[in-house]
Amino acid sequence: MAIACDTREKSDVFALQAARVLAANGITALLYAQATPTPALSFAVRRHGCGGGICITASHNPARYNGYKVYGPDGGQITNEAAAAIARRIEQTDPFDGVKLEDFGKAVEMGLIRMTSEDVLDARLDAVEPQRVQMGMPHPPLRVVHTPLN
């Protein structure tokens, strides 16, 4: 699973905790080392052939809030059916006693938590730039990308 977060308060902490939970359950987490835009998570999921991804963000909500977005192996947000299945599993888990956490350092040593490298972000920009609509005009440096993932 790839994991990214934005710059909201404690997003990085929530991302790290998600990685620890995955590691405790034997799932490898590929964690961005810095705040990353949501489309970069989608790219990492597809580039690394991950089974899915998690982005800690709340999109349009006020900065004091965080959200938990889940992505499938295609890099798009999961379907309502998949979200309902996850919600059912969450409801079956005691949040105080039923969540396993792996020590971060131990998980890194075991290879269950890995940090992404800068080349993933560079590869994303390299992949996006040729997709621009050029309309026959010389193009200035890329400034804005719109991605309708869901």
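Tutor: Start with pLDDT, which is the predictor's confidence in each residue, from 0 to 100. The chain averages a pLDDT of 87, and 87% of the residues score at least 70. This is a predicted model, in which local features need pLDDT of at least 70 and side-chain atom pairs count only at pLDDT 80 or more, while totals for chains, interfaces and linings use all residues. Residues are numbered from 1 along each chain as its sequence is written, and side-chain values use heavy atoms, with hydrogens and water left out.

Student: Where in the chain is confidence lowest, and where is it highest?

Tutor: Helix α5 (residues 118-128) is lowest, with a mean of 82, whereas helix α4 (residues 104-109) is highest, at 97. Helices (H or I, at least four residues) and strands (E, at least two) are DSSP runs, numbered from the N terminus.

Student: OK, and what order do the strands of the sheet have?

Tutor: The order is β4-β3-β1-β2-β5, in an open sheet of 5 strands with mixed pairing; two strands pair if DSSP finds at least two bridges between them.

Student: Why is one side of β4 and of β5 left without a neighbour?

Tutor: Both β4 (68-71) and β5 (113-115) stand at the edges and each has a single partner strand, so one side of each has no neighbour in the sheet.

Student: How do β1 and β2 pair?

Tutor: Strand β1 (residues 2-5) runs in the parallel sense with strand β2 (residues 29-31), over 2 bridges, and A2 has L30 in β2 as its bridge partner.

Student: New topic: which residues divide up the lining of the largest pocket, by type?

Tutor: The lining divides into 19 nonpolar, 4 polar and 2 charged residues, where Ala, Val, Leu, Ile, Met, Phe, Trp, Tyr, Cys and Pro count as nonpolar, Asp, Glu, Lys and Arg as charged, and the others, Gly among them, as polar. Helix α3 gives the most to this lining, with 7 residues.
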